[in-house]
Amino acid sequence: MSAKNEKSTFYKIFFYFPLILGGIFILTLIAHYGVNTPFWDQWDMVALFQKASHHSLGFADLWHQHNEHRIFFPLLVLLANAYLTHWNTFIEMFISAFFALVTAVLLFSLIKRSIQTYWLGICAALIVSVWFFSPVQWQNWLWGGQVAWFMTNLGAIAALFLITKGADAKTERTRHLLFLFAGLTAFISTFSLASGLFSWIAGLILLILNKEKKKILEIWSLAGLISIGLYYYHLSQTPTPSGSASQFFIHHPLGFIKFFIALLGGPVGSFSGGGLQTALPGSLQLPLVVGGILLAALVPVAVLIWYRRNNIRAYAPWLALIIYSLLCILSTAYGRLGYGIDLVYKSRYTAFSLLYVIGLVVLAIMLLNESRLKKYAKVVWVGSLMALMLPIMISSYAVGFHGFSSQSQLLKQTKACTHANPPTQDCLFQTYPKPWIVSPRLEYVKDRHWAGY
């Protein structure tokens with residue numbers, strides 16, 4: 001083996017080590033804290049099981065909107081798991097982890113393509129792994145029904161990855177096939193969660209930055225418009241407790257901005273009583289400060305990229321990822337503002353803000369890699385970046401561990417009390433906000449001996 005090959009092998013081992021370690025870490029947390037019991041929205045699946053057992057389950061049942069979402073593809077995955085495992089919700093968590101791992105592999109492949117300097121590539125891989133596998137989104141990791149969130153992000157990032165690969169393809173046939181598969185993954189993302197709609201916008205921006213042919217842009221735009229049209233066909237607006245989202249937004253624009261910035265700062269761990277949240281007074285002050293800093297950090301990065309716009313294709317995938325995440329956060333703030341700003345505390349929304357942090361970090365390291373600074377100066381800058389992010393990382397993991405533990409205890413209590421015959425009304429209310437609906441569904445599941453009953 002030549003010295004060059006040895007160096008390449010050495011780099012690959014150290015480059016992918018954070019990915020492997022992060023995957024093992026999150027799988028271990030799920031294995032330790034996961035509980036096989038349905039919880040809240042998961043009980044809606046029982047209506048589909050009942051229809052399937054009566055041979056009346058149809059396309060409309062899978063196409064039907066869930067809140068403001070169409071979760072067609074996640075429902076297919078969850079139904080398949082239910083019939084293969086007798087609805088083991090513990091396995092659903094590992095399915096989510098599988099989709100997350102595939103997403104991480106795609107991100108690492110993009111990092112490897114974007115950062116050529118070995119040691120900087122390894123630093124970027126380490127930081128991305130720490131953020132991507134953060135337990136701060138414990139609701140998504142420990143709630144099997146949240147597979148939709150992981151499928152949405154996987155579809156969007158797969159589209160960006162395939163478009164990037166297509167831009168480098170050596171033949172037109174390969175190029176077109178990759179773009180076709182990118183469209184398919186964007187379509188899956190669209191019908192996994194409402195945020196998937198933005199995968200078409202992010203993909204179009206990437207195609208434009210890559211200076212693709214007009215015909216490609218037109219076909220992608222047409223496919224996106226058709227998908228969005230199908231999504232909104234007969235889609236009814238879901239009112240919030242404060243009325244329609246649009247009216248509430250018009251009357252509370254400052255509240256919307258505050259909500260958006262706090263959601264962006266979610267990776268710090270945005271609920272009171274955990275992490276560094278107690279360090280500052282005010283329930284939202286810390287995520288607002290962190291969100292403001294993260295948003296402000298985009299400005300110098302964007303300016304530096306503008307000065308290097310002749311090399312815009314190199315930055316394009318990460319710019320598209322940041323735009324995708326920002327659109328997802330804006331959409332969440334718009335749709336959820338009417339439920340109250342306390343919804344910022346829901347850890348599931350960090351699924352989008354973490355992608356923003358990842359995109360920002362990779363762009364910063366890319367710019368550092370291309371600078372004319374000496375190696376020791378670059379080491380200082382990377383070390384400073386890690387040092388600045390360390391308090392947020394510590395808070396993120398502290399909140400995440402607390403959330404894993406609390407959610408696991410709640411699931412264990414729910415599992416124990418629903419095994420009683422009959423369970424109390426308080427128990428039923430704990431597992432689903434409408435006890436009169438969950439009671440017959442619980443009996444159905446018990447009769448089939450599913451979900452550990």
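**View 1. A nonpolar surface patch that includes Trp306.** In this predicted model, Val299, Val303, Leu304, Trp306 and Tyr307 make a nonpolar patch of about 560 Å². Patch members have over 30% relative accessible area and no salt bridge, with nonpolar side chains joined within 5 Å; a salt bridge here is a Lys or Arg side-chain nitrogen within 4 Å of an Asp or Glu carboxyl oxygen. Areas are Shrake-Rupley values with a 1.4 Å probe. Trp306 belongs to helix H14, residues 285–307 (a DSSP run of H or I, at least four residues). At 54% relative accessible area, Trp306 counts as exposed (exposed is over 50%, buried under 20%, partly exposed in between).

**View 2. Phe15 meets Tyr16 edge-to-face.** The whole structure holds 30 aromatic pairs, meaning ring centres within 6.5 Å, with planes under 30 degrees apart called stacked, over 60 edge-to-face and the rest tilted. Phe15 and Tyr16 have ring centres 4.9 Å apart and planes at 90°, so they go down as edge-to-face. Phe15 is buried at 0%, while Tyr16 is partly exposed at 26%.

**View 3. Charges over rings.** Arg448 puts its charged end over the Trp450 ring, 4.2 Å from the centre. Lys415 does likewise with Tyr453, at 5.9 Å. To count, NZ of Lys or CZ of Arg must be within 6 Å of the ring centre and within 35 degrees of the ring normal.

**Notes.** Residues are numbered from 1 along each chain as its sequence is written, and side-chain values use heavy atoms, leaving out hydrogens and water. Local features need pLDDT of at least 70 and side-chain atom pairs 80 or more, while totals for chains, interfaces and linings use all residues.

Definitions and conventions
Patch = residues over 30% accessible without salt bridge, like charges linked within 9 Å, V, L, I, M, F, W, Y side chains within 5 Å. Helix = DSSP H or I, 4+ residues; strand = E, 2+ residues; numbered from the N terminus. Buried < 20%, exposed > 50% of the residue type's maximum accessible area, 1.4 Å probe, protein only. Phe/Tyr/Trp six-rings, centres within 6.5 Å; stacked < 30°, edge-to-face > 60°.
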